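My notes follow the display.

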Amino acid sequence: MCGIIGYVGKKTAAPILIDSLKKLEYRGYDSAGICVLNDSLQLQTYKTTGKIADLELVLPRNVGGTIGIGHTRWATHGQPNTENSHPHLSGDIAVVHNGIIENYLEIKEKLIECGYVFKSETDTEVIAHLLHSHLYSNNSGVNSCNSGSQSKKCDLMTAVQGTLRALEGSYAIAVLCSSEPDVMIIARKDSPLVVGIGNGEIFAASDVTAFLKNTTNVVYVDDNEIGLIRGGNVEFFDTDGNKVIKETTTIEWDIEAAEKAGYEHFMLKEIHEQASSVYDTFAGKISELDGTVNLDELNLSDEQIRHLTRIEIIACGTSWNAGLLGKYLFAQLADIHTDVDTGSEFRYGYPVMCGEVLTIAITQSGETADTLAAVRSAKSYGCRAIAITNVVGSTITREIDSVLYTRAGPEIGVAATKSFTAQLITLYMLALHFGRVRGKISAEDSKNLLVALKNIPADIQKILNKKSIIQKCARQFANSSDYFFIGRHLNYPIALEGALKLKEISYIHAEGYAAGELKHGPLALLINKTPVVAIATKGHTYDKILSNIKEVKARDAVVIAVADEDDTEIEKYVDVVLRVPRSHVLLSPILSSVVLQLLAYYTALERGCSIDKPRNLAKSVTVE
Ligand code: M6R
């Protein structure tokens, strides 16, 4: 769970690497480092614990060299300290790595027997030493890290190929070698890697945002591919050395879209962007005049949709919460039974996949390791699998039968916000489309839903315009040690998501419950003045949630209700009401989720938390 960057060009590499690492910091930020090949052809390495700003402090002025690699780390093997931070070196070789080498202990033992001395606890250091052992014939004495006296037995490319053959696990790597000073080698397996083609310069990174300000022309590296970067060019090979011809894609995101645009945090910016991002998600896909949704990219025939017996949703975290709402929608709108599994459970859960099952992977990043592995497992049962994702060219998009892009734009804040509402919109469209094809929803009902959907951007804007009310509420309860979120039916996943958002960024203990479950245990936790957020928008469970509100009020809890703007009854039973514009009953969860995002945001702000980069978390979880 790290970010890597490589630069080969004519400019001074160090400032470019630092700048790129700042863009990648969301992937991990416990330590960082760079290595450049200076003008005297020596590797110069600078590392530190902490964030990229800390790395800048240890960097001397005028670090020369026009080729270099960098890394921002989120620890998996070994503590976050300077020794464990990347790049890792072996003689004249330097490596940065994102991923996990599963057989590193086995390799490490063999390398130690050959005389290699390990300085870190990381799995990555084995890559550096293994490369060195492939490159040089005389392995004795290498613990001095002096390759000068040793003779090379192959070129760097051949050494990388040999090394990769021995590795099990996942990796995106960039390699420098001072004895081949004009070359950088990159490779990937199960970890993201993308190459930026600039004017006489090449970038390689975990994510396009790292180099977007320099170039928008990119090549997505696929699994088991190796890139040879030299003199402003990059060539790709498979692990056997056969040339691979790759397509260059132009990215349409501009750098502005990936920066904060004046907001204090990316999260706040991204919450605000929802007033337009949800529109982008459905733009061009819905026709409220005839009540249809156009999802041609699904490549599913009406016949296939009619014959579906079950949907299997696989996702993690926020995306899982979206999936749970999808389950209710597929039942209500399309009469399809749906199971929702987390990636980590599905992959080891002996799933029953008989009948015409459609697997839907929901993942903002398209890189979540558990989701990817679970989808691979689902596909092994022979079922069709589609993905709902936000990141074009991400790993999932290359492994799946078809993709629905959420089009929410880059999301930098670790807490998912606009990607969640975009996932919800996509699920509404999908369920509606299936419902129409299966004859389970009338054209009239469908039109009404789509008319309301078209209003959602304006409804979100209304919530944003009154965010100061939510901020006031957040301040009032910011010192609480526990928070509860309750909801029923479609509001239950929103309660789960509200709790996840709050705990993730404010570090307040928060639980989301199906409101009817309170009396089966959680009520025992309620003490005087515990805030309970009840999502109580109108719908067929409204009276039931009112009863639950009375239940918790009787235990002296403080109730914050999320309710429709025209609901005057609710005020009689609760302490605070946070309003959402009146919408279609099926769509109000989208609006409630924006309210809860703001509640979490302002609570975290009040508590002085690191909102965009919460402790112990990273934006995309590319390891199991
Ligand atoms: O990229 P994905 O949607 O697959 O990520 C899944 C989770 O890691 C993610 O939703 C996580 O729970 C968020 N940080 C929550 O805000």
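These entries cover the helix pair and then the sheet.

I worked from a predicted model, in which local features need pLDDT of at least 70 and side-chain atom pairs count only at pLDDT 80 or more, while totals for chains, interfaces and linings use all residues. Residues are numbered from 1 along each chain as its sequence is written, and side-chain values use heavy atoms, with hydrogens and water left out.

Helix pair. I looked up α8 (residues 317-334) and α11 (residues 418-437), whose axes come within 9 Å and cross at roughly 20 degrees; axes are lines fitted to C-alpha atoms, for helices over the stretch in contact, and angles run from 0 to 180 degrees between N-to-C directions. Helices (H or I, at least four residues) and strands (E, at least two) are DSSP runs, numbered from the N terminus. I noted the crossing of α8 and α11 as right-handed, meaning that the near helix is turned clockwise from the far one by less than a right angle.

For the contact (heavy atoms within 4.5 Å), I found that residues including L325, L329 and F330 in α8 meet residues including L427, Y428 and F434 in α11.

Sheet. I read an open sheet of five strands in the order β19-β18-β20-β21-β22, with parallel pairing; two strands pair if DSSP finds at least two bridges between them. The edge strands are β19 (337-342) and β22 (402-405), each pairing on one side only. Within the sheet, six bridges join β20 (residues 357-363) to β21 (residues 384-389), and I362 has I388 in β21 as its bridge partner.
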